[in-house]
Amino acid sequence: MRGVSLICVFALTLAWTEVCLAQSSAFVSQDLAIERAIALGKSGQFEDGLKQLRPFLLTPTKEDAKACYVAGFLLKERFKKGSLGGDRSEAIRWLRKAVELDGLHPAVASWRNSAEKALDYLGDTYFNDVVLAVRTFEPGQEALIFELFEAHEEVATFLDPNLDAIEERTEIHKNLAIAYRQWFEVTGDHDHFEGIVDQYKQALALSPMDMTAAYNLAVNIYNRGVAQITAMDENTTLPEILSINESSRALFERALPWFEKADMHQPNRPETLRGLMIVHHALFHSEQEEAYRLQLEKALMR
Amino acid sequence: MDKRGIRRATAWLCLPIFAILAWAFQAGVQDPKLDTTDTQLVLKSLMLGQFVKANQWPATDVSETFDVAVYDKPALVDALASKFAGGAIGSLPLRVVSVDNVAEMEAPRLLYTEATGPELDNLLKAVKGMATMVVTAFQPSMKEGVLINFFISDDGLKYEINPEEADKRGILLGNIIMSCAASR
């Protein structure tokens, strides 16, 4: 009986030792694979480096966090070298996975900071793409621009869950409104004008207290009314003058509440008071024009 | 590369990024500039120009020019002159004149004024019985002697006419002027 027990204990010990050895050899082989992947990456052989890591990326656990990090890093480096855009999203996917898995360990890994920096860099490249896309904007590309922005926002909020991207999003709408204005100035297309209005309204929906969005919206609408009037000349017939008079007045009336909103958000701002005075003048509201003229005088004296 | 060199290289690399970011937030400023054109002046000048072009005045041997007089509104004189001066009405060259003294006023074909009360009465007296189209603005009602009066409606600037006054002064109102006139 005692002999049997001893045999059992021996067998169990043997089995445990084998498990431990197997595990340790797995770690050794993972470490080796990671080292090889890093070396290959340094020499620009990114695909070969990624091949070394693939067995650890199938169903990664917390023990594979570093492999995920190195895979993400290699993909990021390949993206930097000018590869296709797919590497960027894949790089982000693996770097995020690495940071998430590392979070399951009690201690923070030595590479964690580098992973976060890499994520930050990749997120910024999306933002740079947003800026370039707005710069070369063509009407109808809004969805694409916001897709890029959302990719940036996703990374940024992953790194800082308390981050509020509303301000950045508002600025994009305001920049798109400017882009639409530039288009409108060239084409005179009504849809492009409505694009200006729509983008500023979206900016205001996000940031209702944004004074510049309200003021710029008012100015754009008002200026369109003025442009209709100044486009007339001595050859414009009386019925045309009366018709343009009506349409420009409708624009002045449309601009007025946005000037008032801008004034509400930042009272006594001279530019806004001047806008209010001028729009009331255009509407032949002589009493209000005079009231804002006095307010403007006071504001300028301060 | 020493540390200073690295720092300088980093700064140069960062410059385009700062430029892009600065651009990204340009929407924070005013865009575009408010157009400060005086729309009232433009509208009035265009309508007055049409009043001049679309009616018929009795022939005269006295005048060598077709005078449009504007009382006490030098800015409107400029607006009118920039659009219509140099043109001709029939065989007479059109001239836009600024008037601030009624006594010095030569009988114009069209007189525009925003004067009210006794000031307006004096002006009307000065051109009484002449072939002068008197155009006023924002009078509560058509005053005797006035042929056209601007008023504001919900749709903007409109004008009302007094055809009897036109008859009295020998001015034949054009169809367009008649058909576009409004009433309060």
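Is A:Phe284 buried or exposed, counting C-beta neighbours inside 10 Å? I counted 20 of them, so A:Phe284 is buried (20 or more other C-beta atoms within 10 Å, against 12 or fewer for exposed and anything in between for partly exposed, with C-beta atoms placed from the backbone).

I noted that this is a predicted model, in which local features need pLDDT of at least 70 and side-chain atom pairs count only at pLDDT 80 or more, while totals for chains, interfaces and linings use all residues. Residues are numbered from 1 along each chain as its sequence is written, and chains are lettered from A in the order in which they are written.

I looked up the backbone next. A:Phe284, in the loop between α11 (270-282) and α12 (286-301) of chain A, has a positive phi of about 60 degrees without being a glycine. Most residues other than glycine have a negative phi. In chain B I found B:Phe138, also not a glycine, with a positive phi of about 60 degrees; B:Phe138 sits in the loop between β5 (133-137) and β6 (148-153) and is partly exposed, with 13 other C-beta atoms within 10 Å.

I then turned to where the chains meet. I found 31 residues of chain B in contact with 35 residues of chain A (C-beta atoms, placed from the backbone, within 7 Å). On the side of chain B that touches chain A, α2(B) gives the most, with 9 residues; helices here are DSSP runs of H or I with at least four residues, and strands are E runs of at least two, numbered from the N terminus.

Definitions and conventions. Contact = placed C-beta atoms within 7 Å.
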